[in-house]
Structures are given as structure tokens and as C-alpha cells.
Amino acid sequence: MQSFNPSSILFTSAAISHFKSSLHGTPHNFGIRIGVRESGGSGFEYFFESTNEEKEGDVLVAESPFKIHVDNECFEYLTGSEVHFVSTGLSHVLIFNTTN
């Protein structure tokens, strides 16, 4: 069992594998940007995009073979979260287990 550090973001091996697969075919300097944006009824939603740009204020998570960029303003919403990928039949989903 891994220890959980509430001041960081933990990515399971399944989530890392999913992101790595998503980046297949992109240049080696590409990574994933994760953020939170306002949405309709629920208030906020997570988003993921491939990127090769490091924006000012990005928090870089270095526990993977590629860069994971988290917008500094969104980091507070994601701090303490565990990101996991689950694939069941035709359903594929990223799950955020969060204390926030």
C-alpha cells in the first residue's frame, strides 16, 4: 500500500498508463495538462489536454515518464487527490478520489 501525501496529487499506474497511451504518436516533449474549469450545474469539471508548453505558474508532477502540468490556480482543487483510470467493457473513465 502506498502512503498518501495530502499535499500532492497521486497518479495510479493505471492513470499513468492511460496518459502514456494517449500521448502515443506525439513528439517526445509532449505531456498532459490537467486543470479545473467552471461548468454548468456542478460548478467545476476536470479537463485533460496534451501539451508541449509549460505555462508560467504550472506545477509539474514528475512521477511519470512524461510531464504532467497542473495549472497553479487549479492545483488547490486537485491537491490531495488520487487520479485513477478504470476500463470496464466499453466504459473508460478517470476517477478522482479527493478530499476537497
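## Helix across the sheet

Helix α1 (residues 13-22) lies across β1, β6 and β7. The helix runs at about 70 degrees to β6. Helices (H or I, at least four residues) and strands (E, at least two) are DSSP runs, numbered from the N terminus. Contact means heavy atoms within 4.5 Å. Axes are lines fitted to C-alpha atoms, for helices over the stretch in contact; angles run from 0 to 180 degrees between N-to-C directions.

This is a predicted model: local features need pLDDT of at least 70, side-chain atom pairs count only at pLDDT 80 or more, and totals for chains, interfaces and linings use all residues. Residues are numbered from 1 along each chain as its sequence is written, and side-chain values use heavy atoms, with hydrogens and water left out.

## Three-stranded sheet

The order here is β1-β6-β7, an open sheet with mixed pairing. Each of the edge strands, β1 (10-11) and β7 (91-97), has a single partner strand, so one side of each lacks a neighbour in the sheet. Two strands pair if DSSP finds at least two bridges between them.

β1 and β6 (residues 82-88) run parallel, joined by two bridges. F11 stands opposite V83 in β6.

## Four-stranded sheet

A second open sheet has four strands in the order β3-β2-β5-β4, and its pairing is mixed. β3 (44-51) and β4 (59-61) hold the edges; each has a single partner strand, so one side of each is left without a neighbour in the sheet. From one strand to the next, the twist averages 25 degrees.

Strands β2 (residues 31-38) and β5 (residues 68-70) run parallel and are joined by three bridges. I34 stands opposite V70 in β5.
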